[in-house]
Amino acid sequence: MNSLRRSGAALMVAAALFPAAAARADSLPAPQGEVILTVSGAITNTNDDGVARLDMALLDGLPRNSFATSTIWTEGVDTYEGVLLTDLLDALGATGTNVLAKALNDYEITFPVADVTDEGPLLAYRTNGKPMSIREKGPIWMIFPYDDVEAFRTEQTYARSIWQLDRIVVKP
């Protein structure tokens with residue numbers, strides 16, 4: 001995917017997942033629970049002064065994906081569930097060429113939008129069916145299907161596998 005816009009798909013996904021956004025392209029429903037992810041920058045669908053603040057219910061309203069994989073940080077194979085970054089960015093009407101991802105401890109990584117695909121990354125918020133605590137790399141872990149896609153078993157991808165993710169900035 002070379003651009004975050006996919007022939008109107010962003011607005012269709014946003015309208016289906018966030019009905020309030022259909023009436024006003026810049027208005028998502030307000031989070032009712034604890035905000036676990038904030039997305040800012042070059043996005044058109046927001047719910048707080050140009051920013052999208054998402055709680056678990058809003059994330060659960062997006063298309064969910066899952067896969068089982070081992071990682072270099074964990075033992076054995078676990079199943080991770082969440083939303084693909086590409087689906088989140090489409091739902092928010094994102095445009096841009098780079099994504100900056102930041103963790104609770106201020107670790108950050110910037111990577112090109114061209115590297116965001118339907119294969120990954122996944123913004124996982126459940127492991128083996130259970131919500132991810134901060135201690136368990138949550139609330140969100142940007143993870144890839146390492147076992148299924150050999151191209152994801154690189155130092156570059158491992159550096160992008162940011163856990164305790166809580167902020168994303170879409171850069172023009």
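This report describes confidence, strand pairing and salt bridges in one predicted model.

Residues are numbered from 1 along each chain as its sequence is written, and side-chain values use heavy atoms, with hydrogens and water left out. Because the model is predicted, local features need pLDDT of at least 70 and side-chain atom pairs count only at pLDDT 80 or more, while totals for chains, interfaces and linings use all residues.

**Confidence**

pLDDT is the predictor's confidence in each residue, from 0 to 100. The chain has an average pLDDT of 88, and 85% of the residues score at least 70. Over residues 1-15, however, the pLDDT is below 50, and this stretch has 31 contacts in the model beyond near neighbours in sequence. A contact means heavy atoms within 4.5 Å. Residues 19-25 also have pLDDT under 50, and the model gives them nine contacts beyond four places in sequence. Where pLDDT is low, the predicted coordinates should not be read in detail.

Helices (H or I, at least four residues) and strands (E, at least two) are DSSP runs, numbered from the N terminus. Strand β7 covers residues 122-127, and six of its six residues are buried. Buried means under 20% relative accessible area, exposed over 50%, and partly exposed in between, with a 1.4 Å probe and protein chains only.

Two strands pair if DSSP finds at least two bridges between them. Strand β4 (residues 77-84) pairs with β7 in the antiparallel sense over five bridges; Gly82 has Ala124 in β7 as its bridge partner. Ala124 is also the bridge partner of Trp141 in β9. Strand β9 (residues 141-143) runs antiparallel to β7 and is joined to it by three bridges. Strand β8 (residues 130-131) is antiparallel to β7 as well, with two bridges between them, and Arg126 has Pro131 in β8 as its bridge partner. The hairpin of β7 and β8 has two residues between the strands, and Asn128 there takes a positive phi near 50°.

**Salt bridges**

Side chains of opposite charge can pair when their charged atoms come close. A salt bridge is a side-chain nitrogen of Lys or Arg within 4 Å of a carboxyl oxygen of Asp or Glu. The whole structure holds nine salt bridges, among them the pairs in this table.

| Asp48 | Arg53 | 2.6 Å |

Asp48 is partly exposed at 34% relative accessibility, and Arg53 is partly exposed at 29%.

Arg167 counts as partly exposed at 25% relative accessibility, whereas Asp106 is exposed, with a relative accessible area of 54%.

Asp115 is partly exposed, with a relative accessible area of 33%, while Arg160 counts as buried at 9% relative accessibility.

A network of salt bridges links Asp60, Arg64, Glu81 and Arg126. Arg126 is the residue whose bridge partner in β8 is Pro131.
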